[in-house]
Amino acid sequence: MAKIVVEGLKYRYPLSQKLALNDISFEINEGEFIGIIGANGAGKSTLCQALTGIVPLFFKGDYGGRVIIDDVEVAKSNLSEISLKIGMVFQNPFTQITGSKLTVYEEVAFGLENMGFEREEMKRRIDDALMLLDLYRHKDKNPFDLSGGQMQRLAIASIIAMQPKIIVLDEPTSQLDPQGSNEVFKAVSDLKKKGITVIMVEHKVEKLSEYADRIMLLHDGRLIDFDTPSKIFSKDDLKDYGVVEPVFTRYCKKIGLKDERGLYPVTLDEAVNLVVKKREHNS
Amino acid sequence: MRMMSLYKDKDTIIHKIDPLNKILYILASILITMLISDFKILTLTLVFSFLLLAIGKVIKNVFPIISFSLIVLVTIVVIQGLFNPNNKIPLFNIGQFVFYKEGIIYSFLLILRVLNILCAFSLLILTTKPSDLIENLVRRGLSPKLGYVLASVLQIIPQMLSTMDTILDAQRSRGLETEGKLIKRLKAFIPLIGPAVMNSLISTRERAMALEMRGFNSNIKKTFLNEHNETSMDKLIRYLIIALIIFTIVWRLVWLK
Amino acid sequence: MSKKLWSFKFSTASLVLIPAAVGINYIGKLFAGLLKLPLWLDSIGTMLASMLAGPIIGALSGAINNIIYGLTMDPISFVYAITSIAIGITVGILMYRGLIKNIYLAILSGIIVALVAAIVSTPINIAFWGGQTGNIWGDALFASLMAKKFPMWLASFLDEFVVDLPDKVASLVISFLIYKGLPKSLINLYSSDDEIERL
């Protein structure tokens with residue numbers, strides 16, 4: 001039932017003249033992995049904030065249209081209730097650590113304490129979340145003693161403990177080193193395997209193509225296209241939107257290597273398979 | 001430095017006393033020192049505080065705390081001894097400066113007061129983990145939001161300090177001079193504090209959003225991960241201190257008449 | 001700046017402003033020490049919190065600042081929480097009345113803040129230190145006024161005021177300059193009276 005319906009969403013930040021989101025409509029099904037791409041200022045973060053109710057409940061401003069999750073209209077709900085349906089992870093791992101807890105274990109408990117969960121239920125959820133994010137052996141460490149990648153996984157674990165059906169991640173790897181990024185990508189794909197709907201803003205398009213079922217392309221607050229990675233990255237006007245395709249796709253475009261549907265490969269595996277297939281076909 | 005604190009982790013009976021009782025002890029100490037100007041009683045209470053600090057095995061940690069106020073305490077004796085308006089009876093003189101009995105007595109009273117209060121505070125600070133203190137107060141009705149603010153300050157400040165060196169290096173490499181004439185040093189202040197302010201304000205935006213996504217504004221009654229049981233010993237101590245406070249006030253009122 | 005000046009309904013953003021303010025106070029103090037300035041400059045965070053989120057958040061920042069100092073460094077700091085609260089409230093009101101508009105008004109406001117701080121601190125100084133402040137220059141003035149048979153409260157007030165005046169004026173001017181340089185979206189973050197408009 002964790003279906004997201006967005007209808008005619010428009011939004012303008014306070015004091016701003018420009019619409020950050022302009023007439024956006026789409027639907028996302030339960031268990032999908034959705035990537036969001038676009039240039040700076042395309043409205044990616046704002047869209048994430050609108051899905052989780054931060055827009056317009058935290059930022060106020062001018063708002064139109066509807067975001068519906070599980071038959072609940074987020075603009076008419078409140079953020080603590082929404083947080084049990086849809087969670088959000090931000091860019092900077094440091095600012096997501098509450099700073100008020102001394103251990104990783106207590107840090108994950110923060111949201112559960114606020115939502116008034118019983119102690120036994122709390123412990124069950126914390127254990128599950130720490131296992132899933134591979135942080136259990138760090139449970140007694142101070143959150144600030146973790147590496148960047150571990151800290152970001154802790155932020156994800158803290159959200160997952162609230163057991164939302166949907167998780168939105170706004171460039172969660174942008175401030176991490178390559179190892180930290182890989183840790184986060186692995187964690188996110190584990191979430192998808194658990195049946196959680198994942199929506200992720202990400203510049204690392206190679207990684208995104210590997211995991212995403214569909215990709216949303218935003219430009220200037222508008223939804224340009226929303227389709228499978230191969231359809232999105234096979235578009236020939238990506239440059240106009242300030243977006244680059246995965247390196248494999250770029251190479252295949254250059255040498256004109258496409259499949260029978262006229263689409264370019266978006267991952268290394270796809271590219272290799274296509275080359276092998278073509279070679280077999282030729283011989 | 002992960003967390004700002006003077007807490008000394010030791011296993012003593014004083015460490016186990018409910019933090020609220022230690023706060024009440026501070027209140028009682030302030031009240032007694034402000035209401036009663038009797039050397040014998042103030043010395044007695046001071047000795048009692050030192051005894052408690054000794055049981056808590058933190059007595060040597062009290063002296064750095066006292067040393068913060070040491071210079072002022074010494075100058076109080078000098079200034080009051082020389083210039084207290086009630087000075088009449090000369091006690092001794094150093095060169096041409098005459099020290100008077102009234103001023104010296106007054107300054108000793110002030111010193112006793114300050115030491116009493118410092119020791120009572122030290123008992124709380126040195127033997128209570130700040131996070132336990134804050135959680136205890138939240139359980140007893142302090143707003144959880146204010147509890148969060150207090151707890152987070154202790155860890156966020158060391159985090160902010162770690163950015164200080166970065167800013168200093170960056171600005172020095174851009175040619176900022178941090179030595180020389182006063183006006184030059186004063187002018188260097190804004191390029192140093194400016195980025196620190198910007199960093200910390202910008203991070204409040206994301207931290208506020210992240211907290212909102214974790215039920216920070218929920219209207220549901222908060223629960224606690226850690227268990228907490230008040231012992232009958234804690235109750236007894238509490239009633240004793242409250243009785244002492246009431247007794248002091250009543251005694252002072254009667255005594256005044 | 002909130003239109004509801006005395007509201008006790010805090011937004012999450014203005015609550016997390018408090019730890020930031022306390023941190024800025026502390027960093028201000030450390031940078032002042034590093035540059036060997038003859039000033040404390042340890043209330044810039046409190047002043048900025050008042051300017052951004054109003055007198056109540058400013059007062060809370062001041063109080064929590066001293067509580068934290070008291071818990072982690074010098075217990076005497078607890079009792080001066082009252083002074084910090086007064087600074088937070090005064091700056092909040094001056095800002096709300098539009099009195100901190102330019103650098104000259106900021107200087108004037110700094111003088112007002114120093115006056116308020118000295119008035120609030122004087123009874124504490126008398127109760128704890130027989131009127132002294134612990135600052136060499138201020139206490140030298142105090143000693144000479146006492147020698148000239150000035151009343152103790154006046155000598156104590158002047159002791160505190162001569163120390164506070166340059167510090168609070170400098171702090172408020174610096175806070176004002178930083179405030180002027182902040183992006184509008186950040187200033188707007190802490191005000192709680194925005195309404196959602198339907199498009």
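How many bridges join β4(A) to strand β1 of chain C, and do the two run parallel or antiparallel? I found two bridges between β4(A) and β1 (residues 197-198) of chain C, and the strands run parallel. Two strands pair if DSSP finds at least two bridges between them. In this pairing A:Asp62 stands opposite C:Glu197.

I note that the model is predicted: local features need pLDDT of at least 70, side-chain atom pairs count only at pLDDT 80 or more, and totals for chains, interfaces and linings use all residues. Residues are numbered from 1 along each chain as its sequence is written, with chains lettered from A and ligands numbered from 1 in the order written.

Next I looked up the contact of chains A and C. Chain A puts in 10 residues and chain C nine, where contact means C-beta atoms, placed from the backbone, within 7 Å. Strand β4 (residues 62-69) gives the most on the side of chain A, with three residues. That side holds five nonpolar, two polar and three charged residues; Ala, Val, Leu, Ile, Met, Phe, Trp, Tyr, Cys and Pro count as nonpolar, Asp, Glu, Lys and Arg as charged, and the others, Gly among them, as polar.

How values were computed. Contact = placed C-beta atoms within 7 Å. Helix = DSSP H or I, 4+ residues; strand = E, 2+ residues; numbered from the N terminus.
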